[in-house]
Amino acid sequence: MTDDLLRASGIMLAASIVLVADDARAQRADDNAIADAEDAFGSNDGGEDLGLYGPFDVRGFSPIDAGNVRIEGVFFDRQGDLSLRLVEGNRIRVGPSATGYAFPAPSGIVDYRLRTPGSEASLSGVAQVNSFGGALVEIDAALPVTDQFGIGGGFSASRSEYASGNNADITNMAAVAAWRPSTDMDAKLFWSRTRIADEDIFPIILGDGRTTPSRLVRRRFLGQHWADVETERFNYGAIVRTTVGGFGVRMGLFRSVNEVREGHNVFLHAAATGSPAARTVSAYPGRHGASTSGEIGIAREFATGRLTHRVQFIARGRKQDRRYGGGQGIELPPAPFGRPYYVERPVFRFASQTTDAVRQWSAGLSYQADYSEVGELSLGIQKVGYRKSVTTATGPRPVSRDNPWLFNVAAAMNATSRLSLFGSYTRGLEESDVAPEIALNRDEAPPALNTRQLDAGAKLRAGPINIIAGAFDIQRPYYGVDGASIFRRLGKARHRGVEASLSGQPLPGLTVVAGGTFLRARLFGDEVASGAIGNRPVDVPARKLVVSADWRPVSSATSIDLTVEHVGPNIGDTRNEVRVRPYTTVDIGLRHRLTIAGAPAVIRVQATNVLNSYGWEVAGDNAFIYTQPRQVIARLAVDF
């Protein structure tokens with residue numbers, strides 16, 4: 001498929017050049033994650049991730065798994081990834097960026113931005129190849145039908161090659177319509193579909209419980225070619241903002257579906273390189289997750305002297321249904337550890353699956369006060385209703401219910417014209433991680449968790465540099481895999497740490513984004529006291545440091561960028577006997593801006609993990625995946 005994609009790239013770009021519109025608005029040629037970053041706490045622009053945190057990792061927890069997802073600030077219960085043809089990126093809302101945010105969440109918030117058609121026609125194309133043998137083509141277009149109404153959409157196709165030697169064929173398509181009848185109203189309607197076909201499943205390495213596995217040759221496929229999976233994801237919905245009688249009204253309604261056909265998992269038991277090692281493969285009869293979610297917010301803003309007040313009523317709801325389980329695991333013949341050994345597909349006999357249903361609503365009031373040049377205060381209180389029912393092969397389980405009152409308070413004060421202080425306290429009702437692949441009750445999701453967070457810090461503007469530093473303390477129930485391979489509650493987790501961000505342009509043409517977090521994660525409860533598990537949670541690195549820089553000399557068409565990321569020591573098993581060593585990666589890149597038939601374009605070349613650093617990522621209790629090896633990516637983006 002790679003050759004087909006390369007041919008398609010040339011055809012797509014050649015055809016697009018003929019359709020050049022001289023007044024088109026630049027889009028993809030301007031993508032630059034470093035230059036666009038607000039801080040170092042986490043963002044994504046044009047598919048490139050930057051910063052300390054991401055949608056699956058904020059202060060040791062996952063906003064995605066916790067259910068803390070927004071689309072342009074509106075609550076969204078995500079079941080499947082959002083296509084990059086639909087969204088142009090995201091921001092992690094944590095620390096000061098969450099101050100003043102109505103109903104923030106203890107585990108952070110990931111907020112996505114839709115690709116919205118503008119007032120000018122545009123057409124963008126991207127062709128990309130990489131040293132693993134993968135290839136990608138993308139095309140995005142927008143058309144203003146009238147002064148008030150525009151439509152846009154995109155399509156991409158790729159042959160994705162991964163670090164473990166596996167691959168997949170991925171297609172994405174999306175459409176967005178935007179209507180702006182007046183300055184007081186706008187509406188967006190969107191739809192997207194992602195299809196992942198013939199995705200070979202990479203193996204998870206199961207350790208010996210004492211050390212990390214022996215070093216493996218990367219990009220060597222150690223799975224089984226018949227052990228694949230196919231996935232389809234749909235996300236669609238609408239967002240409306242308007243003003244009625246002096247009140248601002250915001251509404252959103254969404255549908256998210258993730259459908260997995262029959263899938264597989266492959267596990268390799270670690271051994272000395274080349275010596276016989278046990279192998280297990282499991283298959284399951286697909287899984288399904290679907291959710292309808294929405295939000296309505298009504299706000300009123302008014303002023304009294306130097307104080308600006310904003311009062312909001314916000315109601316949210318979701319209806320989520322899932323189907324999972326029913327799989328069977330089979331032992332395969334032993335094979336030399338680290339070497340491919342393929343066998344015929346065994347016959348699997350699937351069991352009955354489990355279904356669960358979540359119904360949740362919340363309603364609350366948020367108050368924000370902004371005292372000109374002094375500071376701001378944010379208060380919020382909400383009532384939540386939560387109900388979860390689970391039905392297994394043996395019948396329904398007891399229904400889980402929770403109806404807590406949640407509140408939050410946050411304040412920021414300008415100590416000087418350059419220095420501000422901030423602090424917040426937040427209580428939340430969040431989802432837990434689902435049971436991992438290594439658990440016997442794989443994919444099972446516990447009831448929602450009562451969580452709380454306290455954080456405080458300072459923000460300093462030192463000339464062109466913004467510096468943010470703070471501390472946080474998060475507590476929530478802890479779920480993990482016990483000695484019987486069952487995923488269940490094992491105690492309480494407390495994550496305390498400090499974090500810092502530095503961003504800005506210290507010199508003309510030089511943009512720097514740097515950050516660090518040092519985290520002390522500890523567990524408490526009967527399981528820890530008895531010695532059944534250690535007092536440190538699995539897969540919460542003690543530190544992470546990231547430095548990114550982009551340098552573009554004045555009047556130059558070329559810029560170079562550098563990112564250095566350090567991941568600190570980690571814990572690889574629940575008994576805390578497996579210590580995972582830290583590792584550091586270095587990425588270097590270059591952008592060269594040019595014109596093609598009068599259209600702005602950029603050539604992007606990037607080498608990731610250029611020093612070919614080797615490390616282990618933790619995939620669960622005593623389960624590991626090696627880090628990605630060196631890769632070179634070449635990309636051409638043209639805005640027509």
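**Strand pairing, pocket and cores**

Strand E12 (residues 204-206) pairs with E15 in the parallel sense, over three bridges. The model is predicted. Leu-206 stands opposite His-269 in E15. E15 also runs antiparallel to E16, and six bridges join the two strands. Here Leu-268 has Arg-279 in E16 as its bridge partner. Six residues lie between the strands of this hairpin, and among them Gly-274 takes a positive phi near 90°. Six of the seven residues of E15 are buried, so E15 is largely enclosed by the rest of the structure.

The largest pocket has a volume of about 940 Å³. Its lining comprises 42 residues, of which Glu-437, Ile-438, Ala-439, Leu-440 and Asn-441 are the closest to the centre. Strands E15 (263-269), E16 (276-284) and E19 (328-336) each give two or more residues to this lining. E16 gives the most, with four residues. By class, the lining holds twelve nonpolar, 19 polar and eleven charged residues.

The largest nonpolar core has 32 residues. Tyr-53, Ile-71 and Leu-86 have the most contacts inside this core. Elements that give two or more residues to the core are strands E3 (69-71), E5 (87-93), E6 (109-114), E10 (167-182), E27 (465-481) and E29 (510-524). Beyond four places in sequence, Tyr-53 touches Phe-41, Gly-42, Val-58, Arg-59, Ile-92, Val-94, Phe-472, Glu-499 and Thr-517. Another core, of 28 residues, lies apart from the largest one. Val-281, Ile-330, Leu-523 and Tyr-614 are among its members.

Notes. Residues numbered from 1 in each chain as written. Predicted model: local features only at pLDDT ≥ 70, side-chain atom pairs only at ≥ 80, totals over all residues. Heavy atoms only, no water. Core = buried A, V, L, I, M, F, W, Y, C linked by side-chain atoms within 4.5 Å. Buried < 20%, exposed > 50% of the residue type's maximum accessible area, 1.4 Å probe, protein only. Contact = heavy atoms within 4.5 Å. 1 Å grid on protein atoms, 1.4 Å probe; cavity = no way out; pocket = protein on both sides within 12 Å on 5 of 7 lines; lining within 4 Å. Points joined across faces, edges and corners; volume = space filled by probe spheres on them. Nonpolar A, V, L, I, M, F, W, Y, C, P; charged D, E, K, R; others polar. Pairing = 2+ DSSP bridges.
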